[in-house]
Amino acid sequence: GGGIRGTHLKGAPSKCVLLTNMVGPGEVDAMLEAETKQECSKYGAISHCVIHELGIGVPADQAVRIFLLFDRQESAMKAVIDLDGRFFGGRNVKASFFDEVDFANRRLDPTETED
């Protein structure tokens, strides 16, 4: 593994965006993927949307990870800038860049263990 990722820089810019705290654990439904793609397509074309729910023992605000793969890095950048810190249904959403290789290999769990 590399060094500690600069989480304050929201990760190295990529075409893949990670959204957390859009919904809580157990709130994922069949509509969520379509709604997220619809909401976020205003930033640019989205080629993939993956919703990944983590297991037990994860803080509620991190339990559901929504990944968006945009066609263009500029679109992803717009999405991160606009969505990070936004409130959706009373939740403070976090948006960051996610490594495209990790996404392609479906390594979707957090890399750093928070103690």
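**Contacts and strands**

Tutor: Happy to! This is a predicted model. Let's begin with histidine 52: leaving aside residues up to four places away in sequence, histidine 52 touches Ala63, Val64, Arg65, Phe67, Leu108 and Asp109.

Student: Which side chain makes a polar contact with the side chain of histidine 52?

Tutor: That of aspartate 109, at 2.6 Å.

Student: And how many residues apart in sequence are histidine 52 and leucine 108?

Tutor: They are 56 residues apart in sequence, while their C-alpha atoms are 7.2 Å apart in space.

Student: Is histidine 52 buried or partly exposed?

Tutor: Partly exposed: its relative accessible area is 22%, and buried would mean under 20%.

Student: Which strand is histidine 52 in?

Tutor: Histidine 52 sits in strand 2, which covers residues 46-53. Strand 2 pairs with strand 3 in the antiparallel sense, over seven bridges. In that pairing, valine 50 has phenylalanine 67 of strand 3 as its bridge partner.

Student: Switching to strand 1, how many bridges join it to strand 3?

Tutor: Five, and those two strands also run antiparallel, with strand 1 spanning residues 16-20. Cysteine 16 has leucine 69 in strand 3 as its bridge partner.

Student: Why is strand 3 described as largely enclosed by the rest of the structure?

Tutor: Because seven of its seven residues, 64-70, are buried.

Student: Which residues of strand 3 lie on each side?

Tutor: Val64, Ile66, Leu68 and Phe70 are on one side, with Arg65, Phe67 and Leu69 on the other. Both faces are covered.

Conventions:
Residues are numbered from 1 along each chain as its sequence is written. This is a predicted model: local features need pLDDT of at least 70, side-chain atom pairs count only at pLDDT 80 or more; totals for chains, interfaces and linings use all residues. Side-chain values use heavy atoms; hydrogens and water are left out. Buried means under 20% relative accessible area, exposed over 50%, partly exposed in between (1.4 Å probe, protein chains only). Helices (H or I, at least four residues) and strands (E, at least two) are DSSP runs, numbered from the N terminus. Two strands pair if DSSP finds at least two bridges between them. Contact means heavy atoms within 4.5 Å. A polar contact is a pair of N or O atoms within 3.5 Å; within protein, one must be able to donate a hydrogen and the other to accept it, and residues adjacent in sequence count only if both atoms are side-chain atoms.
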